[in-house]
Amino acid sequence: MNTLQTYVQTPDAKTAYDARWQRVMDCVALKQPDRMPTAFMATFWLAKYGGISYRQLMYDYEKTKEIAERALLEFEPDSPAPTMLAIATGNALEAIGYKQLQWPGHGTRDDQPYQYLDREYMKADEYDDFLFDPTGFYLQKYLPRVAAVFEGLEELPYLPGLHYFRLVAAVRLFAKPGVRAALENLMKAAETVDAWAGHHADFTRRIAAKGFPMSYVATAVSPYDLLADYFRGATGMMKDLYRNKDKLLAMLDKAATFLVRQTLASSKAFGHPIVFIPIHWAPDAFMSDAQFKTFWWPSFRKMLIGLIEGGVIPMPLWEADCTKRLATIRDIPPGKCIYWFERTDMVKAFEVLGDVVALRGNISPSLMTTGTPAQVDAAVKHLVDNVFNKGGKLILDGAFGIPDETPVENVRAMFTAARKYAG
Amino acid sequence: MADMTDQEQQLVTWLADMNEDDAFALAKKMLVEEGANPLRVLELCRNAMDIVGKRFEKGEYFLPELVLAGEMLENIGTIAKPLIKQAPGGEPKKLAKVLIGTVHGDLHDIGKNIVTFMLDINGFEVKDIGIDVPVQTFVDEINRFKPDVVGLSGFLTLAFDSMKETIEAIRDAGLRDHLKIMIGGGQVDDTVRSYTGADAFGTNAIDAVSLCKNWMGVAA
């Protein structure tokens with residue numbers, strides 16, 4: 001579906017675009033930028049800013065673009081998030097009958113954010129199936145479990161081993177009612193999902209014309225988090241550390257390989273080198289240092305190296321407090337990644353990682369939502385004084401972007417303080 | 001527990017060391033084949049859970065061990081509880097009552113479930129009223145259950161306002177002075193505690209146990 005409109009980037013806008021991009025790239029390369037770059041990652045906060053419901057924000061493409069653009073023009077960040085992909089997801093989720101989220105109109109109220117449903121989407125006794133044939137497991141087991149549009153694919157023939165007349169005969173299974181319905185539903189849903197992607201492409205051009213480069217486009221997940229969040233569920237995964245240790249380790253290693261392949265492909269398709277990787281299961285409080293070094297880090301490090309070698313700039317968001325992990329996650333080539341921290345003390349992160357990665361973050365969510373503009377100003381000054389002005393390649397942002405409930409004046413205070421104290 | 005047989009000591013050690021298969025096999029053998037007193041076996045389990053809690057406190061154990069410990073306890077309980085013939089008078093008296101739930105608008109429950117489990121094995125009577133709990137439900141449950149402590153859980157930033165509203169409603173119902181309120185969750189800190197009007201906040205299950213023990217005047 002053609003949702004692209006024509007936008008003209010003026011010479012001034014091009015200069016601004018290039019300067020903003022260069023600021024972030026300088027940070028990645030551990031060079032001094034001309035000023036401290038700022039990032040803008042707002043999701044449902046935009047509904048508050050634009051005076052619409054969360055539901056409208058998820059479904060009304062044009063309204064969402066208009067509000068997001070208005071926010072960019074007001075705050076002038078260097079590195080805005082791909083709003084349409086991150087938040088205008090309602091039509092696409094509905095089209096595929098996505099089962100792993102509740103969202104406004106589908107389990108949550110119109111003024112509530114979407115929430116993930118932590119479940120066992122793969123049973124403990126299915127590791128062998130998944131390990132042996134990941135694609136087959138996806139097609140016939142996983143996909144129908146997580147999205148209604150794939151229901152029916154369970155009836156597909158078992159593909160490995162098909163040959164000669166056996167291969168010819170197996171084609172008849174594609175005429176089964178379930179498979180036929182799934183294929184028809186998929187083609188229909190694909191048009192809606194394609195339209196959503198088209199709105200993302202349109203918004204990218206629209207803001208580029210105003211001088212704003214996207215912070216990232218493709219997203220990825222660590223091998224451990226893929227299995228914990230999307231397959232085994234939180235408690236299932238924790239038990240696997242004891243009950244299915246060897247299979248889990250084999251699966252993590254395998255996942256590192258297929259996640260690199262998939263992420264390189266999506267980064268290339270989007271034509272954007274920075275890949276956002278939200279990290280859920282690395283925090284200090286979640287597992288011991290020994291467990292982290294055994295189960296979490298090796299497969300993610302393998303993935304990071306694969307991505308870096310493929311020309312990608314990984315941007316993991318280390319959620320919660322990962323202070324005890326800093327020495328371990330330092331072990332990557334310098335000048336290739338952005339490490340975004342949520343609750344980890346940024347000054348400490350700078351001390352340990354300042355010569356290895358660019359940093360991003362991390363104004364406290366509780367301060368942003370319940371504090372005053374003066375307190376936000378002081379928090380930004382603290383980061384400028386103790387990180388950026390001491391040589392840290394800091395991209396200023398909220399701890400995980402702008403919390404949904406943040407008063408607008410606190411967001412203004414964050415961007416104003418960034419200019420005031422660091423250019 | 002001083003007067004333990006070698007076999008009993010073995011069960012406690014295996015449970016505390018996360019040796020699930022051996023511990024379960026031994027507990028089953030004791031209960032089913034040897035006719036051990038089920039209340040005694042459950043007491044041994046509690047003893048092992050004390051060790052697990054202490055190791056968690058010392059930073060030797062983390063969430064995986066708490067989750068596995070909970071599961072081991074549940075599995076042994078499934079065999080032991082139907083074998084209890086006499087009235088469960090051997091159960092120790094509960095320290096205090098704790099009402100716990102995830103505040104309205106928030107559907108997260110992993111942290112709340114772990115806190116519930118840790119409070120339970122530490123001798124508290126815990127009533128868990130689930131997720132996305134409306135303000136009025138908290139008020140009604142406080143009137144019914146008469147807890148000493150109320151725990152409000154929430155992972156999302158929207159929970160800040162939900163916690164504040166819940167605590168205000170508890171105050172408006174005239175119930176605030178009779179109980180302590182603790183909040184917990186991924187984004188909770190002292191700023192949020194002050195904003196919501198809670199008595200204290202915690203960032204993990206041991207914090208919750210310590211808070212409750214301190215409030216009840218029990219040595220932590």
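Mentor: Let us begin with a definition: a residue is called buried if 20 or more other C-beta atoms lie within 10 Å of its own, exposed if 12 or fewer, and partly exposed in between. Please bear in mind that this is a predicted model.

Trainee: Why is A:Asn410 called buried?

Mentor: A:Asn410 has 24 other C-beta atoms within 10 Å. The cut-off is 20 or more, so the residue counts as buried. A:Asn410 is placed in helix H19 of chain A, residues 408-422. Leaving aside neighbours within four places in sequence, A:Asn410 is in contact with A:Met368, A:Gly371, A:Pro373 and A:Val376.

Trainee: What describes the packing of helix H18 and H19 in chain A?

Mentor: Two packed helices are described by the angle between their axes and the distance between the axes. For H18(A), residues 373-386, and H19(A), the angle is about 35 degrees and the axes are 8 Å apart. The crossing of H18(A) past H19(A) is right-handed.

Trainee: Which residues of H18(A) and H19(A) meet?

Mentor: From H18(A) they include A:Pro373, A:Val376 and A:Val380, and from H19(A) they include A:Asn410, A:Ala413 and A:Ala417. The residues of this contact divide into 10 nonpolar, one polar and three charged.

Trainee: Why is A:Val168 called exposed?

Mentor: A:Val168 has 10 other C-beta atoms within 10 Å. Exposed means 12 or fewer, and therefore the term applies to A:Val168. A:Val168 belongs to helix H9 of chain A, residues 164-170. Its C-alpha atom is separated by 35 Å from that of A:Lys268, 100 residues apart along the chain.

Trainee: What makes A:Arg172 exposed?

Mentor: A:Arg172 has 9 C-beta neighbours inside 10 Å, so under the limit of 12 or fewer it counts as exposed. A:Arg172 lies in the loop between H9 and helix H10 (177-209) of chain A.

Trainee: Why is A:Glu76 called partly exposed?

Mentor: A:Glu76 has 18 C-beta neighbours inside 10 Å. Buried would need 20 or more and exposed 12 or fewer, so A:Glu76 falls in between. The residue sits in the loop between helix H4 (61-75) and strand E2 (79-80) of chain A.

Trainee: What makes the phi of A:Glu76 worth a remark?

Mentor: Most residues other than glycine have a negative phi. A:Glu76 is not a glycine, yet its phi is positive, about 50 degrees. A:Ala320 likewise has a positive phi, near 60 degrees, and is located in the loop between strand E7 (313-318) and helix H15 (326-329) of chain A. With 22 other C-beta atoms within 10 Å, A:Ala320 is buried.

Trainee: How do you know that the span of helix H7 in chain B is close to the expected one?

Mentor: H7(B) has 15 residues and reaches 21 Å from its first C-alpha to its last, and the value expected at 1.5 Å a residue is 21 Å. H7(B) is followed by B:Gly174, with a positive phi near 75 degrees.

Trainee: Which residues form the meeting of the two chains?

Mentor: 23 residues of chain B are in contact with 26 residues of chain A. On the side of chain B, helices H4 (63-80), H7 (158-172) and H8 (190-196) give two or more residues, and the largest share, five residues, comes from H4(B). That side divides into 13 nonpolar, six polar and four charged residues.

Trainee: What confidence values accompany the model?

Mentor: The model scores ipTM 0.90 and pTM 0.94. Chain B averages a pLDDT of 92, and 95% of its residues score at least 70.

Notes. Residues numbered from 1 in each chain as written. Chains lettered and ligands numbered in written order. Predicted model: local features only at pLDDT ≥ 70, side-chain atom pairs only at ≥ 80, totals over all residues. pLDDT = per-residue confidence, 0-100. Helix = DSSP H or I, 4+ residues; strand = E, 2+ residues; numbered from the N terminus. Contact = placed C-beta atoms within 7 Å. Nonpolar A, V, L, I, M, F, W, Y, C, P; charged D, E, K, R; others polar. Axes fitted to C-alpha atoms, helices over the stretch in contact; angles between N-to-C directions. Left-handed = near helix turned anticlockwise from the far one by under 90°. Expected span 1.5 Å × (residues − 1).
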